[in-house]
Amino acid sequence: MNDMRVAEARMQQQTDTKISARGVQVHYGDKHALKDVNVDILDKTVTAFIGPSGCGKSTFLRCINRMNDTIDICRVAGRIALDGEDIYDRRVDPVQLRARVGMVFQKPNPFPKSIYDNVAYGPRIHGLARNRAELDEIVEKSLRGAALWNEVKDRLNDPGTGLSGGQQQRLCIARAVATQPEVLLMDEPCSALDPIATGQIEELIDQLRTEFSLVIVTHSMQQAARVSQKTAFFHLGNLVEYGSTEDIFTNPRDPRTESYISGRIG
Amino acid sequence: MPVSWTLLIVLALAGAGYLLTRMRAVAMAGGDTRKLHSRPGHYGWNAALLTALPAILLIAVWRFVQPAAGTALISMVALALAAAGLAFALIRTSPSFRARNAVEGMVKGLLIACASIAIITTAGIVLSMLFETGQFFRQYPWTEFFFGTTWSPKFGGGSQLGMLPLLWGTLYISLIALLVAVPIGLFAAIYMSEYASMRMRGVVKPLIEVLAGIPTIVYGLFAMITVGPLLRDWFSQPLGLGASASSVMTAGLVMGVMLIPFVSSLSDDIINAVPQSLRDGALGLGSTPSETIRKVVLPAALPGIVGAVLLAASRAIGETMIVVLGAGASARMGLNPFEAMTTITVKIVSQLTGDTDFAAPETLVAFALGLTLFTVTLGLNIVALYVVRKYREQYE
């Protein structure tokens, strides 16, 4: 197991940087929420953001697809690049960006539409399917990708809100996957779920890693250790330490990281 | 002795009862209020309520059932009842008496009584309308009332009292009003809840709601002296559609303006109630704000919006003043929106004003019209409530 992790970590180091953040500062009104964050997120890798509540990990996540634009009082400074291109450049359309950088939220939020329409939402607004058959195919593929197909294939026209919590969250993942993103951001995707549903989502995250880069914010350190290859520890708006998950959990360099993972702070 | 004096005395007795019982309770506990089951004030309130409520209730019921009864007798019985209540409360007061629970029970009864008054009143209105309508139909055939296409009441015999022209006018004017109010109100609500900044919203929302505070007679004046002549001079005369300043269009437009705040304010609340997580979800998939609104927020809010529209419709149907001043008073069935027409409410007023004989069908027809109107708006309200309730459950 350990050997596998090490081998995997070595393999990951050779992959490309997908997102690179330099000197990112975020203010909510007078509150300095994120201070000078520098980080390189790799392609086809699961990166976990951990840290106590209010440490800025979700804030940083929402910077990556510019969801913070929807909050009036939020100001973002610094540079975040996706494939080397600054996403806060004025020429970048945040709407297009969010199609490339999908997001799954803390609470499952299926639209009050049928299961099919939920998954077809992204492909429809972005014109990814030329006809109904292609759309059907995307929907099926996405639902299979989210390990939900077998449970819902006979009731695609039922409302998505009628599913159980874990199924709803997988539906939301399928919905995000259907848009064919390059990066998938997940903001505490399992915090509203029971352990069995959590296990299914974690398995899913591991599978999705072959297709694109995933960033997951989590409160559970066990979860970070289980699903991620890279871990970033945030504390009081600072990115304290970033490295391979293995190193962060077995050999943290910063005393604050060590205190947090051993349960002394947070 | 007038009843108001009796009432004052009862209230004074209740006040005295409060103070007496409270003191008695404290005295019985030997000054240590911790020994009492309830706070001293509860003992006082128990006495005050027991003194005042039965006596006041007695006066109210007696006056209602037998208005001619002598006030002296009523006063005496009421005062006796109040005194008995006070005495009863005083006797019951002891440290172990659960005054707090007793007061709770009486307050609950009071609340139930208030809620019942609204329901009883509605039932009373319907019953009185039914009674008068029954009298009307004994004098005038119901088929001609419901299906007659001519409205020409003549006191003295030979009236034709078909309600279809009035119903048509009502629906036509309401339709135009809704065509004005629904899109404008809805779009205003969308702007306020989805696009406007907090500061903008703080300015715009109260300004729109000012419209709701304008009395309808003022809207009527506006319709009569501004909108009507404007429409006549710029549209109906140049287009050769009529020469009347009073028209369906005038009343409809102005009524539409009146309904804008109604629609916008209800829709705004409903749109705001759509969870933010749905908007985040849609935006996170790369929707533009307008796609988010059209494809996610509005479908989720639709049942509530339909409810708001139906409520606005029932207000439009019941509106009188704007129609009197804007659309005229001639009962007519036609398609030309620049002609004068009239509505059920206007005719109810005109049949009942002036020197009227309350036994003639020309007068009694007002009650039949009123009942028809009541049925229509009640039906709309029920449908609105049903729609709102049925679909609200689906997305929570």
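This is a predicted model: local features need pLDDT of at least 70, side-chain atom pairs count only at pLDDT 80 or more; totals for chains, interfaces and linings use all residues.
**Salt bridges in chain A**

Over all chains, a search of the whole structure finds 24 salt bridges. One of them joins the side chains of A:K18 and A:D83, with a nitrogen-to-oxygen distance of 3.1 Å. This pair links distant parts of the chain, since A:K18 belongs to strand β1 of chain A while A:D83 sits in the loop between β4 (74-82) and β5 (85-86), 65 residues apart. The two partners can also be described by their accessibility: A:K18 is buried, with a relative accessible area of 8%, whereas A:D83, at 41% relative accessibility, counts as partly exposed.

A:K18 also forms a salt bridge with A:E182, and here the closest N and O atoms are 3.0 Å apart. Once again distant parts of the chain are linked, because A:E182 lies in the loop between α7 (165-178) and β7 (183-187) of chain A and A:K18 in strand β1, 164 residues apart. A:E182 counts as partly exposed, its relative accessibility being 26%.

A:E182 in turn meets A:R100 through their side chains, in a salt bridge of 2.9 Å from N to O. A:R100 is in helix α3 (residues 94-100) of chain A and A:E182 in the loop between α7 and β7, so this pair ties together parts that are 82 residues apart in sequence. A:R100 is partly exposed as well, with a relative accessible area of 27%.

| Salt bridge | N to O distance | Separation in sequence |
| A:E182 and A:R100 | 2.9 Å | 82 residues |

When its neighbours within four places in sequence are left aside, A:S20 is in contact with A:V39, A:D40, A:R79, A:I80 and A:A81.

Helix α2 of chain A runs over residues 57-64, and eight of its eight residues are buried, so the helix is largely enclosed by the rest of the structure. Among these buried residues are A:K57 and A:R62, together with A:F60, A:L61 and A:I64. Just after α2, A:R66 takes a positive phi of about 60°.

**Chain B**

Chain B is divided into domain 1, covering 3-122, and domain 2, covering 151-395. The centres of these two domains, taken over C-alpha atoms, are separated by 47 Å.

For residues 167-384 of chain B, UniProt lists "domain: ABC transmembrane type-1" in an unreviewed entry. In the model, this span is 78% helix and 0% strand, and its end C-alpha atoms lie 21 Å apart.

How values were computed:
Residues are numbered from 1 along each chain as its sequence is written. Chains are lettered from A and ligands numbered from 1 in the order in which they are written. Side-chain values use heavy atoms; hydrogens and water are left out. Buried means under 20% relative accessible area, exposed over 50%, partly exposed in between (1.4 Å probe, protein chains only). Helices (H or I, at least four residues) and strands (E, at least two) are DSSP runs, numbered from the N terminus. Contact means heavy atoms within 4.5 Å. UniProt positions are given in the numbering used here, feature names are shortened, and annotations may be inferred rather than shown by experiment. A salt bridge is a side-chain nitrogen of Lys or Arg within 4 Å of a carboxyl oxygen of Asp or Glu. Domain bounds come from an automatic or database domain assignment.
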